[in-house]
Amino acid sequence: MVEERAAATGPRRETELLNVRGIIKDAFKVIIQDAAMKPVLLLCACVASLTSIGSAFAADRPPNIVFIMADDLGPGWVDYDGSNPDLNTPNLQRLANEGMTFTKAYAAAPVCSPTRAACITGLAPARIGLTTHVPGKAGNERPGPKGGPREADSLNHLPLDLPSYARELKLLGYATGFIGKWHLAGEGSIGTPDGIVNRDYHPERFGFDVNVGGCAYGQPRSWFAPYHNGTIADRKPGEYLTDRLGDEAAAFINDHRDRPFHLTLWPYSVHTPIKAPRDLVAKNGGDAYRAMVESLDGAVGKVLDALEATGNADRTLVVFYSDNGGHIPTEGLADKKASLLEGGLRVPMVVRWPGVIEPGTTCAVPVTSMDFFPTFVQASGGVPPETVPLDGVDLAPLFRGANRLERDALYWHFPHNRMEVSHYMGSVILEDEWKFYLGHGLIKNKLFNLQTDPGETRDVSAEFPDRAERMRHKLERWLAETSAKMPKSPRQTR
């Protein structure tokens, strides 16, 4: 299968070589026709020919790809959408001005690890079997209401035999770097001195050449150096983690300026504990959370500046996204992180791709985490693997102005207890503006119309029983097709 995907890029490479051969042939025709050409003129002709050859390769060079994903950042905690003007995020505003803002971007899960797995693999968390965050405390299970179902089983790492967009991009000649939070490498990180539970599941095993920060940690042991992270070499005491990760990202871009590269930058911000440098906290009126958001924006700025400085800004696809809804609620959305309502699933998203995306545009088509795998691979000229049916689709049509994708629904499965929110332990299907919630016997099944009720305050299943029943059957078929693990009875053991 690897050979087949590599062969699929053959026509593009063959055309590239033919173009170069033509340039060389034309150059030598000129030289032969004027054998008396002076040495200096001959040298100039050769240099011009070589420059043309370099230009031919550069024009065909696939785009660099930078994927920035914040942690626990809700869509109302950026200022480019006008929802929170007190925030200082000029670099996110810059991205929005120069790219496309997605107003209905969703995470694959209401918590982090399954969304991260979905991004890397292009597969739904239910299909992977990793549906909740990997526990920092080994064997930890969230309690539910007395007599209610127990949580379904969930993997504690990302399996090595699953697809990875980093592996696919390496096949296409990309340098690949991972910087930041991984949280897919085993449970029990709290009990380690350095966040390392099993290196076999670190980013390097999934196709990344470079790994800075990626281990089993779901949140940093310390926001300030020393970090107590076995994948980050401490540099200077008191250094702030988000600043350091931004520096590492800029260095990776600079080191690979002359070849196609992919950078996955997944900062730990703005996950708890809420801590930021004193000067930023003071600048934000004593609000440490806003200071963390500003620091995150600063890391984004370091990436954008590095792209400009290396001449790569115009040939780089940049994505900004978040792994789930905010742990601080977003005004106008119901619930927060860990909920299957919009506050737990909706995330901010901006994409900039010069020459492809029209600056300052907006897209209202629902998109999700699994879409990044096919989007990145196909943007690079590759072909997604056929060994596993991907759950995502290529977003390129939307980038070019389309107003729909070739799918009719999005699905979620979160069979886990999170009693701090109202709608957990359930599964969801979204069709256009209609959203059906299946409560697995713990919470009543509900149907919402997001167009007339964006706050999900009114269950309309009694008014539209046929629609509710049809969507329930469709959701249950999807759960069966993905072999989704289901909640267990209170008496059932692992």
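This is a predicted model: local features need pLDDT of at least 70, side-chain atom pairs count only at pLDDT 80 or more; totals for chains, interfaces and linings use all residues.
Val428 in strand 12 is the bridge partner of Trp412.

**Strand 12 and its partners**
- Strand 12 spans residues 426-431, and six of its six residues are buried, so the strand is largely enclosed by the rest of the structure.
- Both sides of strand 12 are buried: Gly426, Val428 and Leu430 point one way, whereas Ser427, Ile429 and Glu431 point the other way.
- Strand 11 (residues 410-414) pairs with strand 12 in the antiparallel sense over five bridges.
- Strand 13 (residues 434-438) also pairs with strand 12 in the antiparallel sense, over five bridges, and its Trp434 stands opposite Glu431.
- Two residues lie between the strands in the hairpin of strand 12 and strand 13, where Asp432 takes a positive phi near 50°.

**Helix 5**
- Helix 5 (residues 112-121) is mostly covered, with ten of its ten residues buried; among them are Cys112, Arg116, Cys119 and Thr121.
- The buried residues of helix 5 pack against several elements, including strand 1 (64-70), helix 7 (165-171), strand 6 (261-266) and helix 12 (372-379).
- Gly122, which follows helix 5, has a positive phi near 75°.

**Cavities**
- The lining of the second largest cavity consists of Tyr217, Pro220, Arg221, Ser222, Tyr227, Asn229, Ile232, Leu241 and Tyr268.
- By class, this lining comprises six nonpolar, two polar and one charged residues.

Definitions and conventions:
Residues are numbered from 1 along each chain as its sequence is written. Side-chain values use heavy atoms; hydrogens and water are left out. On a 1 Å grid over the protein atoms alone, a cavity is a set of points where a 1.4 Å probe fits but cannot get out, and a pocket is an open set with protein on both sides within 12 Å along at least five of seven lines; lining residues have an atom within 4 Å of a point. Ala, Val, Leu, Ile, Met, Phe, Trp, Tyr, Cys and Pro count as nonpolar, Asp, Glu, Lys and Arg as charged, and the others, Gly among them, as polar. Buried means under 20% relative accessible area, exposed over 50%, partly exposed in between (1.4 Å probe, protein chains only). Helices (H or I, at least four residues) and strands (E, at least two) are DSSP runs, numbered from the N terminus. Contact means heavy atoms within 4.5 Å. Two strands pair if DSSP finds at least two bridges between them.
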